[in-house]
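These are my notebook entries on a structure that I looked through piece by piece. I wanted to know where its parts touch and which residues lie inside.

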Amino acid sequence: MEQFVAWKAMMSAGEPTTIWQQFYVLFYQAFIENDRWRQYLSGVGTTLYVTVLALVLGVVLGLIVAVVRTAHDLQRPGHKNVILGFFNGILKMYVTVIRGTPMMVQLMIMGLVIFASSRNFVMVGALTLGINSGAYTAEIIRGGLMSVDQGQTEAGRSLGMNYADTMRFVVVPQAIKAILPALGNEFIVLLKDTSLISVIGGKELLYAARSVAARNYEPMYPYVGAAIVYLILVMIFTKLLGIFERRLRASDRR
Amino acid sequence: MKKILAIALALCLVLGLSAATAEYKTVEAGKFIYATSPDFPPFESLDDNDTVIGIEPDLLALICAELGLTPEPYAIDFDSALAAPSAGKVDAVVSGVTVKEERKTMMDFTIPYVTIVQGVVFKTGDDITMDNIGEKKIGVQSGTTGQFEAVDRYGEDHVTAYDKYSIGFQALQNGQVDCIMVDDMVGAAYVKTIPGLEMISTGFEPENFAFGLAKGNDELLAAINEQLQKLIDDGTVEQIILKWNE
C-alpha cells in the first residue's frame, strides 16, 4: 500500500521508475486499490448468472422450436397437419427475425423500447440473450434431429412406442451426440455476448472493467484482466463439454 | 546568375512550405485529429450529415486556421476518447473534458475556457432534490466526472453508466433511471430539446473545461494556448458559447 502510493507519486511526477514498479502500480490500481476486485467479482457473478439464465431459456426455446419444426417437416407427403403448419410458420418467423437482426439492435429494442419501464437491466439482458440464443439453438437441434435416420423412428414406432417415447429414447440421445460440438460453440458465443448487456446498463464484467479503466485513465490492465477472465470461463466451459462428450461416446467404437 | 536565383527562390518556396506544415508535430501532418464524443451538446453533437458541430468544433476551426492545420474529429465513446491521446491515435481529446489532477498523467491540458457545474436533470413533476437524490437511480455517461461524483457520493448501486448520454436520456424518459447527472450547460441543451424535463444545479465544485493534448507536444500546446487566450480575450469564446446556447 505505502509502496503503491510512493511509486504512483513517482510515476505521476515523471520520475524514472522500473518496469516492475510500473507493473505493480498499474496492476494495483486496476485490481486492488479500493477493493476494486469486488467490482470484477460481482461483474463475473452477473455474467455467469446471465449466461445460465439465457442458456436455459435458449435450450428450452430451441428444443420447442426444433421439435415442432422437425415434426412438421417429417410428415408424410399429403398428410400435412394444419395446426402444426400454423405453429411452424410462427416459429420459422421467430428464427428468421432473430437470426436476421444483430444482437446489439435486439438489446437496444428490448432494453429501451419493449421493456422501457423495467429497471432490472440484467434480467432484460438475460431474456434478450436467451431469445437470441434460442433461434440458433433451434436450428442446431433441428439439424441433429433431422440427421437421425428415418429408419430409427420407424423402428421405434413399429415396436409400439408412441411419438414422444420414440423421440425420448431413440432419436434425441443420438441427436445430442451429433450436435454437442455445435451446441458448445453456441454456448461459448452466448457467454461472450453477455458483455453486450453493458450498453443497456447491465453491470457485468465488462462494465466493471470499463468503470475501473475510466477511473484510472489506464485501459490496458482492466481490459486485459477482463479478457483473461472470459478466457478462463470459456476454457472451463469447454472442459466440461469435453467431459460430457466423452461420456456420451463411452459406448462408441470409433 | 538567373539560374542560381531561380533555384534559390524555388528552394525558399519548398523549404518555406515544408516549414509551414512541419511546424507542429501531429499524428498526421497538416491535420489536427481530435477524439470527441458527439453526444454532448452544445459542446459537440452530430448534425444530419454526420458532421460534428458545436462550441468546440467552432473554436478548433478558428484556432487551427491560425496554425495552418485542418481539424478532423474522431467520434468515439467518451471513456475511449479520453484514452485516445495517450494511445497515440489522436492529437487531442476535445470533448468537454474537465481539467482534473488525475487526468494530467494522461494528457497536457490547455488553458481552461469555460466553467460549468454538475447539474441533475429529471422529469418535470418528479420529487428530486439534492437532499433525496441519494435514494434515487442516477444515470451518467461512462468515464465522466458526473459518474465519479455520483458513485463517490451515493454509491455504485445508485448509479448506472451508459456509453452515451443519448442512451442515458432515453432511459430517463423511459423511467429506467430517476435522473441524469451531467454538466449543467449540456443538461440545459437536453432539457431544451426533450420536452418535460427540468434541471437543478448540484452545487458541487465548479469544473473547468479545456482541450487535452497528447503529452509532450509542447509546441502545439503553446500555440493553441496562445490562440485560445486571444479568443478568450477578444470575447469570441463567449460569443460562440452564447450562440450555441441560444
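**Entry 1: where the chains touch.** I began with the contact between the two chains, keeping in mind that this is a predicted model. Chain B gives 20 residues to the contact, and chain A gives 13 residues. I then looked up which elements of chain B take part, and I noted that α3 (78-83), β11 (159-162) and α5 (165-174) of chain B each bring at least two residues to the side that touches chain A. Sorting the residues on that side of chain B by kind, I found 6 nonpolar, 9 polar and 5 charged.

**Entry 2: chain B as a whole.** I next looked up chain B itself, and I counted 8 helices and 14 strands in it. Its C-alpha trace spans about 85 × 35 × 30 Å along the principal axes. Chain B has 246 residues, of which 44% count as buried. I also looked at the contacts in chain B with a separation of 6 or more, and 70% of these are accounted for by residues 24 or more positions apart.

Entry 3: I looked up P73(B), which lies in strand β5 (residues 70-75) of chain B. Is P73(B) buried or exposed? I noted that P73(B) counts as buried, because it has 23 C-beta neighbours inside 10 Å.

I then turned to F109(B), which lies in strand β7 (residues 107-109) of chain B. F109(B) is buried, since 20 other C-beta atoms lie within 10 Å, and a residue needs 20 or more to count as buried. Not counting residues up to four places away in sequence, F109(B) touches V99(B), K104(B), A210(B) and G212(B). I also noted that F109(B) and A214(B) are 105 residues apart along the chain, while their C-alpha atoms are separated by 8.9 Å.

**Entry 4: helix packing in chain A.** How do helices α7 and α8 of chain A pack? I found that α7 (residues 150-158) and α8 (residues 163-193) meet at an angle of about 160°, and that their axes are 10 Å apart. Because of that angle, α7(A) is roughly antiparallel to α8(A). Their crossing is right-handed. The contact uses Q152(A), T153(A), G156(A) and R157(A) from α7(A), together with T166(A), V170(A), V171(A) and Q174(A) from α8(A). By kind, the residues of this contact are 2 nonpolar, 5 polar and 1 charged.

I then followed α8(A) to another partner, helix α3 (residues 37-73) of chain A, where the packing angle is about 140° and the axes are 9 Å apart. These two helices are therefore oblique to each other. α3(A) passes α8(A) in a right-handed crossing. On the α3(A) side I listed T51(A), A54(A), L55(A) and G58(A), and on the α8(A) side F187(A), L190(A) and L191(A). I sorted the residues of this contact into 5 nonpolar, 2 polar and no charged.

**Entry 5: a residue of helix α3 in chain A.** I finished with V50(A), which is found in helix α3 of chain A. V50(A) counts as buried because it has 26 C-beta neighbours inside 10 Å. Which residues does V50(A) touch, not counting those up to four places away in sequence? I found V122(A), G125(A), A126(A), L129(A), T194(A), I197(A) and E204(A). Lastly, V50(A) and S195(A) are 145 residues apart along the chain, and I noted that their C-alpha atoms are separated by 10.0 Å.

Conventions: Residues are numbered from 1 along each chain as its sequence is written. Chains are lettered from A and ligands numbered from 1 in the order in which they are written. This is a predicted model: local features need pLDDT of at least 70, side-chain atom pairs count only at pLDDT 80 or more; totals for chains, interfaces and linings use all residues. Axes are lines fitted to C-alpha atoms, for helices over the stretch in contact, and angles run from 0 to 180 degrees between N-to-C directions. Helices (H or I, at least four residues) and strands (E, at least two) are DSSP runs, numbered from the N terminus. Angles under 35 degrees count as roughly parallel, over 145 as roughly antiparallel, 65 to 115 as roughly perpendicular and the rest as oblique. A crossing is left-handed if the near helix is turned anticlockwise from the far one by less than a right angle, and right-handed if clockwise. Two residues are in contact if their C-beta atoms, placed from the backbone, lie within 7 Å. Ala, Val, Leu, Ile, Met, Phe, Trp, Tyr, Cys and Pro count as nonpolar, Asp, Glu, Lys and Arg as charged, and the others, Gly among them, as polar. A residue is buried if 20 or more other C-beta atoms lie within 10 Å of its own, exposed if 12 or fewer, and partly exposed in between; C-beta atoms are placed from the backbone.
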